[in-house]
Amino acid sequence: MVAKSRRQVAKLALLALALLLLLLAATLLCVLLIPRHRRKPLPPGPPPGNASNPDDSIVAFDFSPYLIMYKSGRVHRLDGTARCAAGVDGDTGVASKDVVIDAGTGLAARLYLPPAPGGKTKDLARLPVLVFYHGGAFVIESAFTPLYHAYLNAVSAKARVVAVSVEYRLAPEHRLPAAYDDSWRALNWVARNAAGSGPEPWLRDRGNLSRLFVAGDSAGANIAHNMAMRAGTEEGGLDGGAAIAGLLLLDPYFWGKKPVAGETTDRATRRQYEATWSFICGGRYGIDDPLVNPLSAELRRLACSRVAVTTSGLDDFRPRGLAYAAALRNSGWGGEVEQYETPGERHVYFLDRPKDPNSVKELAFVTGFLSRE
């Protein structure tokens, strides 16, 4: 009886082992035969916030691909945060240096001086002065980022200008009008120094204030336009009676409530642009304020004699840039308007691909505008 029971237990054990081996074989077969799908790695998450503050991980405003702002006020910039040092550029020979304009606000600039032709160091001619405002939707980038450092080196070398790239305060930490106020203060600082009443030698000794240009790309072009408007509407204008000879707007950031010809009519897109403008200025200015919609401004008061506007064929801001040029011609303003368009390109493409043939052509237009008497 005992022997029979032992035989039954042994049979059950063998049966269980066989079932286990069968299950393992089936699992292995599935692994080998069923195709495997490779999952893309997840994008990196936001940097860790303050674990003791729950608001530090709640998104208050998503301004991708530029930045994300959290309910706690923490700002995580997604682009335009790299910095590079000033010095002598190996490709162009252009020298650059950084100056502080207002230590209290952090207002600063990077200056660019092209090399003397033929290596001469005596009897150097005075050069046109270019005040440049970088783009970045008023929230990212800097006068000190590699992107703009490379661009200003190229412009200074080819146009032979003393360039001043302005480091203005960014939103949302400093919402508009902070950027406009910084930019106006920097422009007047340039005017004073180039007139000889300031200590900066590159402007005092090498700058020709009678050939003062103001320029910018995207949000920086918006700033440049508003500086020329302020020079024409503010009592006294620029310090020392300085006059802006030319205004150069590269893919300018302008918008408005009502679409102009060719502008998108998609409601979601228009709401998004309106929301981001409100974020930048903290709701202080509406989407039809002259600061962002120059079609509602008194353009005849623009304080310069020449304006150049560049547009890119695939840019959402292209139609209003074209409308701006047309409105300026019809405003009673007595200056000259030039336009340059690159078909099939996106917003400020020339910054990311400086050696592309289209970028080389646009740079030739820019430097030609700055070089003409």
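Which helix lies across β1 and β2, and at about what angle to β1 does this helix run? Select helix α6 (residues 267-281), which lies across both strands and runs at about 115° to β1. Helices (H or I, at least four residues) and strands (E, at least two) are DSSP runs, numbered from the N terminus. Axes are lines fitted to C-alpha atoms, for helices over the stretch in contact, and angles run from 0 to 180 degrees between N-to-C directions. Contact means heavy atoms within 4.5 Å.

The model is predicted: local features need pLDDT of at least 70 and side-chain atom pairs count only at pLDDT 80 or more, while totals for chains, interfaces and linings use all residues. Residues are numbered from 1 along each chain as its sequence is written, and side-chain values use heavy atoms, with hydrogens and water left out.

**The sheet**

Next, select β1 (residues 59-63) and β2 (residues 67-70), antiparallel strands joined by four bridges. Two strands pair if DSSP finds at least two bridges between them. Val59 stands opposite Tyr70 in β2, and Phe61 stands opposite Met69. A hairpin of three residues connects β1 to β2. In the loop between these strands is Pro65, joined to Ser64 by a cis peptide bond with omega of about 10°.

Now widen the selection to the open sheet, whose three strands follow the order β1-β2-β3 with antiparallel pairing. Because β1 and β3 (75-77) stand at the edges with a single partner strand each, one side of each has no neighbour in the sheet.

**The loop between β6 and α2**

Select Phe138, in the loop between β6 (127-133) and α2 (146-159). Most residues other than glycine have a negative phi. Phe138, not a glycine, has a positive phi of about 70°. Its relative accessibility is 1%, so Phe138 counts as buried (under 20% relative accessible area; exposed is over 50%, partly exposed in between; 1.4 Å probe, protein chains only). Glu141 lies in the loop between β6 and α2 too, with a positive phi near 75°. Glu141 counts as buried because its relative accessibility is 9%.

**Two packed helices**

Finally, select helix α3 (residues 178-194) and helix α5 (residues 219-233), which pack at an angle of about 65° with axes 10 Å apart. Residues making the contact include Tyr180 and Trp184 of α3, and Ile223 and Met227 of α5. In the loop between β7 (162-167) and α3, find Pro172; a cis peptide bond joins Ala171 and Pro172, with omega of about 5°.
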